[in-house]
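Here's a quick walk through one protein model, written for someone who would rather look than calculate. Keep the viewer open as you read.

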Amino acid sequence: MKPVKNVIIMGAGGRDFHNFNVFFRNDKRCRLVAFTATQIPGIEGRVYPPELAGPNYPQGIPIVAETGLSGLIEQFDVDQVVFAYSDVSHEYVMHKASQVLAAGADFLLMGPRSTMLRAKIPVVSIGAVRTGSGKSQTSRRVADILRGMGKKVVVVRHPMPYGDLAKEMCQRFASIQDMDVQGVTLEEREEYEGHVERGTVVYAGVDYEVILRQAEAEADVIIWDGGNNDLPFYRPDVHIVVTDPLRAGHERSYHPGETNFRTADVIVINKVDTATKEDVQRIHASARELNPRAVIVEAASPVSVDKPELIAGKRVLVVEDGPTLTHGGMAYGAGVVAARAFGAAEIVDPRPYAVGSIIDVFDRYPHIGHLLPAMGYSKQQIAELEATIDATPADAIVVATPVNLGHVLRLKKPVARVRYELKELTEPDLADFLHIKFGD
């Protein structure tokens, strides 16, 4: 046995950094030689900075493209590869495991005991089986319930560290202006804006122990707003997991969505108003088998539109939440539902008018079809999104991303904004459950 194990962490700019921070950063028995990156465009080629990496890594740690993984294992005589990203099929995970094992290294998945931090105050975690299940509106609903109970609530959001990592160690957002000043991406706005508009403080960043200690100092309850169907970083007192009957069966076949499903205290079956009864019953059957102790709440996410007259009889461009369509795998979202419900004459195909990296997105995710994902991981990509919208010949834009795109883009066409909130349809509902858990 070598005195020091050489390790690579496979990630996507979130869970990978957290696993390093809480498990490897101060362990002199291991040497992290690199992070690999995938899923998110343009996050490789950076360095995890010394300020975050700690004294054992005075030069920081390189972040390289996952495509070079096998060569890195050989080059650095790597003993162990840690898989640390999410919203991927079980088959995908095992293909990666096979690649690592064939190169001679161990393949590791790290669990809750190794990676979850303990808070001094209660934590309610909101997770999902897949991206696009309805986690965001569930998080907003839970925050509203807890505030109505007189609790001071702070949201800690799963990381999206796409900028300067050292500066993003611990971020606090209490206003739209805070997001403007800190230069967050469109994807970050999609997750923060809905909370901030309700008066809820949002924390995010890179070092989640630093974030935890600051957040718990100003809250009665922390809501862990999970992303990309990852596991919580904080040990939850209540774990609420949202499922999507439009993708029934994924609660058994995606990582770590199945783990979320098996560990949930409450399973929310969302979209029951648009799914078939058979698919809703498939998730009930999975719950009875995999997690019979969980409380089941059936729910819908009805859409509303601020300016329906811009849709009726018009040719519209539908802009949907980006991650829901890309690695979430959905072929449509709330924007299409609204366009059809409010009588659009046509949903215009933006693909012939796509610019730059937006072309690449359509090439990589051909299932998206005639919708436009709101991609904005960089200033350049935001500009290319704006150019694509401008070039598409539509009468109006139906915007179903949670972001007010007028804060980010200069839109020349009229905009109809689609909103969606969680509506529980069965009892006990989330309010009943949370009152039992946290009521005085």
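Which residues are exposed on the other side of helix 14? They are Asp363 and Arg364, where exposed means over 50% relative accessible area, buried under 20% and partly exposed in between, with a 1.4 Å probe and protein chains only.

## Ground rules

This is a predicted model, where local features need pLDDT of at least 70 and side-chain atom pairs count only at pLDDT 80 or more, while totals for chains, interfaces and linings use all residues. Residues are numbered from 1 along each chain as its sequence is written, and side-chain values use heavy atoms, leaving out hydrogens and water.

## Helix 14 and its inward side

Helix 14 covers residues 357-364, and its buried residues are Ser357, Ile358, Val361 and Phe362. Look down the helix axis and these fall within an arc of 150°, so they line one face; the arc is that of the directions from the axis to the C-beta atoms. They pack against strand 20 (372-374) and helix 15, contact being heavy atoms within 4.5 Å. Helices (H or I, at least four residues) and strands (E, at least two) are DSSP runs, numbered from the N terminus.

Val93, Lys96, Ala97 and Val100 are the buried residues of helix 4. Seen down the axis, they sit within an arc of 105°, so they line one face of the helix. An α-helix has 3.6 residues a turn, so residues three or four places apart point the same way. Glu91, Met94, His95 and Ala102 are exposed on the other side of helix 4. The cover over the buried residues includes strand 1 (5-11), helix 3 (69-75) and strand 7 (106-109). Just after helix 4, Gly104 takes a positive phi of about 105°.

## A pocket and a cavity

The second largest pocket holds about 510 Å³ of space. Its lining has 30 residues, with Gly183, Thr185, Tyr377, Ser378 and Lys379 nearest the centre. Helix 15 (379-391) is among the elements giving two or more residues to that lining, and it supplies the largest share, six residues.

The largest cavity has a volume of about 30 Å³. Among the residues lining it are Arg130, Asp244, Arg247 and Glu251. On a 1 Å grid over the protein atoms alone, a cavity is a set of points where a 1.4 Å probe fits but cannot get out, and a pocket is an open set with protein on both sides within 12 Å along at least five of seven lines; lining residues have an atom within 4 Å of a point. Grid points are joined across faces, edges and corners, and a volume is the space filled by probe spheres set on the points.

Most residues other than glycine have a negative phi, and most peptide bonds are trans. Asp77 has a positive phi of about 50° and is partly exposed at 46% relative accessibility. Asn229 also has a positive phi, near 50°, but is buried, with a relative accessible area of 2%.

Two cis peptide bonds are worth a look: His255 to Pro256, with omega near -5°, and Glu427 to Pro428, with omega about 0°.
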